[in-house]
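This report goes through a structure part by part, beginning with the contact between its chains. Please keep the sequence and the 3D view at hand while reading.

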2 protein chains.
Amino acid sequence: MKSSIRHKIAKIFANAKNTDVIVLVNNNSQDPNFAYLAGYTSGVFEYDLLVFTKTRAYHITSQLEYQTALLQKHPEIKIVLRNKEGDHKKLLKRLINGKRVGINGSFLTVESYQAIKKKYTAKKMVDVSEAFAKARLIKDSQEIEEIKGAIRITKWAMLQIQQDFKEGITERQLAAKFDYISSSLGAQKPSFDTIVCFGKNAALPHHMPDETKLKAGDFILIDAGSKVNNYCSDLTRTFLFTKEKNKEMEEVYNTVKEARIRAIHAIKVGATGEEIHKVANDYIESANGGIYKGKFIHALGHSLGIEVHDGVGFWPGASQRLEAGMVITVEPGIYIEGFGGVRIEDDILITKDGAIIL
Amino acid sequence: MKSSIRHKIAKIFANAKNTDVIVLVNNNSQDPNFAYLAGYTSGVFEYDLLVFTKTRAYHITSQLEYQTALLQKHPEIKIVLRNKEGDHKKLLKRLINGKRVGINGSFLTVESYQAIKKKYTAKKMVDVSEAFAKARLIKDSQEIEEIKGAIRITKWAMLQIQQDFKEGITERQLAAKFDYISSSLGAQKPSFDTIVCFGKNAALPHHMPDETKLKAGDFILIDAGSKVNNYCSDLTRTFLFTKEKNKEMEEVYNTVKEARIRAIHAIKVGATGEEIHKVANDYIESANGGIYKGKFIHALGHSLGIEVHDGVGFWPGASQRLEAGMVITVEPGIYIEGFGGVRIEDDILITKDGAIIL
């Protein structure tokens, strides 16, 4: 039995004024808001529609996945079969024609948009993507539990994977093993393609695992997440794979570590994302006589939930004020071309008393 | 060094008449045509743009992935850094303003489309998604080699995974192991979420692996694929996990097997997708005294390439004529609620002499 979506739908309509009905279309892949509302944990639902008013929700599906949808027993979603008799078309005409129709412009394709315009006679069509973003930004207690569950799996995997830190293993092998451990621990799937970087590859924030072999003196950077019940974790750990102490590597590591803790301490309700980014960035730029100036080349963090990048975050220009219930990553890093890099990333819940590391 | 994209660009423009420049935007995830053209095997390139005319191609990226893009050394793509000075904006204005601009309407979001319209002054904007689809439909020899490589991995994994067919293993555990084997064999990632169904779950074509345990007398249905150098495989095997012969299960299996071979024999250049679907469907509907009537509930196949669903296919109403160089899956199935199901899927290359199983 899935949890009620009444309060989610109410939140969305509260931010989508002058809208009678909202139409989500799973073109290419699933609209993340489909997972947000329906919470299904089985099924692909390609080309399916989720259509809802303030009081009713319909999932229009094909014969291929009709049973899969029914079996999820969502108490508030009526499953409608797309059939030859065209019952679903009659329903859609009734829901859309003459109505003010909200669509998710940050996901809906131009093609699907044009198809809706052509097939039906909406009074008008409005992009309500912001209403979805706002509704999803503040997590309820159940959502926080789901995210914590996903984080727990990734943290366990970060511990277990260290058994495989052996000279000669390739980035690809280590990434494969990491994903296997996560799945074995209960992850539905990785929440994004697992990043494993050895040595100087760690200077590239989005380097993808390749045939590079691990050798003594390497950084090992792992950036990975799990998806559990549709919610994501996103963590990064950097290890120093050295036989003896390496001062230069340790200094980079400790600088990132200190930037991380300063940023976390600065997080509070009412601050802007820009302010938090600045705390970490200023520290990195001035640390160690300024030798890391210009080496922190990305945002300090992004919010997290149904998607890995779920709305607001910490970056220059981020003016939105932080609110209790937001879940955001904190991930300072230093990247030195030809040498390597360090990133440490945790997922943070903002509460009225400050940040909590989940 | 990446292969030349000149002939791909030429194919696209040949099908996109009256277009001066084409703009791809990686909103949410990567536009598959980005991978088709650039062929990158590392990097995420979120929000990046690939803009090309008949003679030039530009990849506009952020500082975060600038090095990752440069390192791929594509001989014909100029990497442009999105910077404060706005050099990329000047370039885009020069390429877009006053021009006939093609976009991929089957991927581009309404939001990104509106943003381009607002920021630039295109003479007009045209949806050229069909031009991409047409270009990608006929595979060149290198593409076929890539697909074969991906198939090889999935086939090996289908053999190896049988070592884990033991009572008590869960669908989720088997799926995790399958993905691990595939990655270990060199898959970049699964080409879609691996489907593992035990027993009556096999009656649901898109059932997702859950905690169901394997027991004697079960069907084991595995539908899985690998992505290698951006190209996909997609195979299904169904196993009968029985201690003794089970006539009913075998009959279902043999019916699907026979439908498969009849369909493959019927494939020829010039036939329509509908005709091929009908061959398999008619056989299943009439087999065994008609007891499987209405039990084959999906399309017989879909084309395959950069994406798992890559354009045409075999289904009722598919009127496009088959051409040499298309790669399409053949996947008949029978699904019996409460009992289980069988699907067998292979990837087929259409040649002038008929179908070849890859």
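## The interface between the chains

Between them, chain A and chain B bury about 3700 Å², and 56% of this area is on carbon and sulfur atoms. Three residues, Leu64(A), Val110(A) and His206(A), supply 17% of the area that chain A buries against chain B, which is more than any other three residues supply. The contact draws on 45 residues from chain A and 45 residues from chain B. The model is a predicted one, and every value in this report was computed from it.

Two salt bridges are found across the interface of chain A and chain B. In a salt bridge between Lys189(B) and Asp193(A), the closest N and O atoms are 3.0 Å apart.

## How the two copies are related

Chain A can be superposed on chain B by a rotation of 180°, with 0.0 Å of shift along the axis and an RMSD of 0.0 Å. The two copies are therefore related as by a two-fold rotation axis. Within chain A, Thr109(A) has the C-alpha nearest the axis, at 2.2 Å from it. Both copies use the same surface, since 100% of the contact residues of chain A recur in chain B.

Gly102(B) belongs to strand 5 of chain B, which covers residues 100–103. Its relative accessibility is 0%, so Gly102(B) counts as buried, the cut-off being under 20%.

Which residues is Gly102(B) in contact with, leaving aside its neighbours within four places in sequence? They are Thr19(B), Val21(B), Ile22(B), Val23(B), Val126(B) and Val128(B). Val126(B) is 24 residues away from Gly102(B) along the chain, but their C-alpha atoms are separated by 4.8 Å.

## Two open sheets in chain B

Strands of a sheet pair through backbone hydrogen bonds, either parallel or antiparallel. One open sheet of chain B has three strands in the order 15-18-19, with antiparallel pairing. Strand 15 (327–330) and strand 19 (354–357) of chain B are at the edges; each has a single partner strand, so one side of each has no neighbour in the sheet. From one strand to the next, the twist averages 40°. Four bridges pair strand 15 of chain B with strand 18 (residues 346–351) of chain B in the antiparallel sense. Opposite Val330(B) stands Asp346(B), in strand 18 of chain B.

Another open sheet of three strands in chain B has the order 7-10-11, again with antiparallel pairing. Its edges are strand 7 (189–190) and strand 11 of chain B, each with a single partner strand, so that one side of each is left without a neighbour in the sheet. Strand 7 and strand 10 of chain B run antiparallel and are joined by two bridges. Here Pro190(B) stands opposite Ser226(B) in strand 10 of chain B.

## Two asparagines with positive phi

Most residues other than glycine have a negative phi. Asn18(B) is not a glycine, yet its phi is positive, at about 55°. Asn18(B) is in the loop between helix 1 (6–15) and strand 1 (21–25) of chain B.

Asn230(B) is not a glycine either, and has a positive phi of about 75°. Where in chain B does Asn230(B) lie? Asn230(B) is in the loop between strand 10 (226–228) and strand 11 (231–232) of chain B. With a relative accessible area of 10%, Asn230(B) is buried.

How values were computed:
Residues are numbered from 1 along each chain as its sequence is written. Chains are lettered from A and ligands numbered from 1 in the order in which they are written. This is a predicted model: local features need pLDDT of at least 70, side-chain atom pairs count only at pLDDT 80 or more; totals for chains, interfaces and linings use all residues. Side-chain values use heavy atoms; hydrogens and water are left out. Buried means under 20% relative accessible area, exposed over 50%, partly exposed in between (1.4 Å probe, protein chains only). Copies are superposed by least squares on the C-alpha atoms of residues with pLDDT of at least 70 in both. Contact means heavy atoms within 4.5 Å. Two strands pair if DSSP finds at least two bridges between them. Axes are lines fitted to C-alpha atoms, for helices over the stretch in contact, and angles run from 0 to 180 degrees between N-to-C directions. Buried area is the accessible area (1.4 Å probe) that two parts lose on being put together, summed over both. A salt bridge is a side-chain nitrogen of Lys or Arg within 4 Å of a carboxyl oxygen of Asp or Glu.
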